[in-house]
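Please look over the sequence and the model shown here before reading on. The report then takes up a pair of helices and a sheet.

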Amino acid sequence: MGEVAAFLRAHPPFDALPEAEVGRLAAAARTAGYADGETIFAQGSGPQTSAWLVRDGGVELVDHGRVLDLLGPGELFGYASMLAELPTGFAARARGATVCYCLPGDVTRPLLARPESMPYVTRTLLGRPVAGVPRPAPAPERPVGGVLRGPPVRCPPDTTIRAAAERMTETGQTCAVVDLSGGGLGILTDRDLRTRVLATGMPADAPVARAMSAPAYTVAEDRLTGEVLVEMLERGVRHFPVLSKTGALLGVVDDVDLIAAERRTPFHLRTAIANAADAAELADAAGDLWPTVAALHEARIAPEHVSAIVSVVADALVRRLLDFGVAEAGEPPSPFAWLALGSLARREGVPSSDVDCAIAWEGDDDDPATRAYVQRVAVRVLDGLEACGLRADPKGATAAHPLFARSLGAWGAAIDGWLADPTQEKALILVSIVGDNRPVWGVHRAGPLAAHVAAARSRPGLLRLMARFALAHRPPTGFLRDLVVEHSGEKKGRLDLKHGGMLPIVDLARWAGMAAGATSISTRERLRAARDAGVLADEDGRVLEEAFALVCALRLEHQVEQVRAGVPPDNHVDPGTLTPLTRSYLKDAFRAVAGVQRRIGAELVYGVA
């Protein structure tokens, strides 16, 4: 066993794992020898129950007779089939006399899901390019209905917990769906059995209704796996019943399905954040955030979903820090809510995102005890976020600033005042900032603020000024020759993707979304709502959405490269590093956005908008 453990520790991903974990894997490993040309497993054979590690010799990965890759000592194979529980996509055969370690799935799966294994797993699952063999394009995200592994366990609510658990064991399922009266669904999971039955001593003959969660969150079969991953992470659950277009139950998707489909999930972050006992442990847990973002990007998760995950994790950090802050400061004099602002509120976070935020409380705006309390808590939270790698907005749009800490009544009066007279100093800026708000803590208390912001739709004078304000940021329409890069300072010669690419679209979407009465503050959803309401021409809305997607992708890729290099992330890209095709696409996108701006500007001149 010592020889096996030493070999494992010398090769990724096992070299990054704790010694005890490697020791357990070595104890479970089986050594297998193969003659030259002998098949280890056939193409299309049943899901692998183990992963394989080459000890000596070589292993060819073969697709219908064509050798795709040759693996040498220390390289892992077969684990994609094991994780996904799908047939093998290629055959594996020995090249010369070969020895492999067979690593049982029940021990290997948890190790490959650990954050330390993440870079290796995501990189190798994307495939190794081989001389003369083109690397296949990454597959698009799949509808969640396409990753279901079989029919669900179903039972009525009076089924005993023992009977439900036995059926789950027999079928290899980690949950049972409970059919409720009226057509609703409940769910009983492995975790429920541990925390609600075993931990509390609930009798096994009790009905599942006593231990289940109800109503169960459900998703439609055509939702993309990345979207479902984000929602799972946000809700803190690991199972979603999947419904057909007619509402029929098709199966249950769990986080393991999405790990296999999406190559990487940040659930370990949520768990570590929830379990952190203090700010120091929280900062340690948050250290995995940017490496996880890099891994998600490598695994070809859609940029919009990576950004949403950044925002969900930031929310979790804020909530945990608020728990610490309130525990330290004592019960608040008045109930309060914490609101995310800016890109994190819109679910468009990236490694360079600042933390913009606000606080609203019930009661008197001038109560000195409440003001002192929320100030203390806000500073505590912002300091904690800084330690977690999320810096506060340097311009002061944070809950620690009196301008962004008010009672609910004062917030409502301020917003009404800005909408009624948008010509007053900073009114348009403040409407733009506060218009992108999303409650993170004390959610229901902040609900009235959304109603005040929604009133913008009935203020044509404000909307005209918001449109003009949105046209202030102009996208570049060329590179280098047309004054689109910085001409001085440390960013000289670089293209600003945020101010030149993102903000023109974000500002237009905010104006158009407000005019359309959009309930979502997401840039994409605002653009779609504006198209549906006729505020934007259909083609203009599509142009803006496609340009936004392109700039988001380039911005995320640029910042992920900086994260990998250990460089502070920024928004400035050297145009010379972009491929000619990318530069062409980017120029076309910027020109298209500029064209939309010109049309909206003309409509403002002639009083149409």
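Predicted model: local features only at pLDDT ≥ 70, side-chain atom pairs only at ≥ 80, totals over all residues.

Residues are numbered from 1 along each chain as its sequence is written, and side-chain values use heavy atoms, leaving out hydrogens and water.Helices (H or I, at least four residues) and strands (E, at least two) are DSSP runs, numbered from the N terminus.

**The helix pair**

The axes of α1 and α2, which are lines fitted to C-alpha atoms over the stretch in contact, with angles from 0 to 180 degrees between N-to-C directions, come within 9 Å and cross at roughly 125°. The two helices are therefore oblique to each other, a word used for angles that are not under 35 degrees (roughly parallel), over 145 (roughly antiparallel) or 65 to 115 (roughly perpendicular). Where they touch (heavy atoms within 4.5 Å), Val-4, Ala-5, Leu-8 and Arg-9 of α1 meet Glu-19, Val-22, Leu-25 and Ala-26 of α2.

**The sheet**

Three strands form an open sheet with mixed pairing, in the order β10-β11-β12, where two strands pair if DSSP finds at least two bridges between them. Because β10 and β12 stand at the edges with a single partner strand each, one side of each is left without a neighbour in the sheet. Strand β11 runs antiparallel to β12 and is joined to β12 by five bridges, and His-239 stands opposite Asp-254 in β12. Helix α8 lies across β10, β11 and β12, at about 135° to β11.

| Element | Residues |
|---|---|
| Helix α1 | residues 2-9 |
| Helix α2 | residues 19-28 |
| Helix α8 | residues 225-235 |
| Strand β11 | residues 239-243 |
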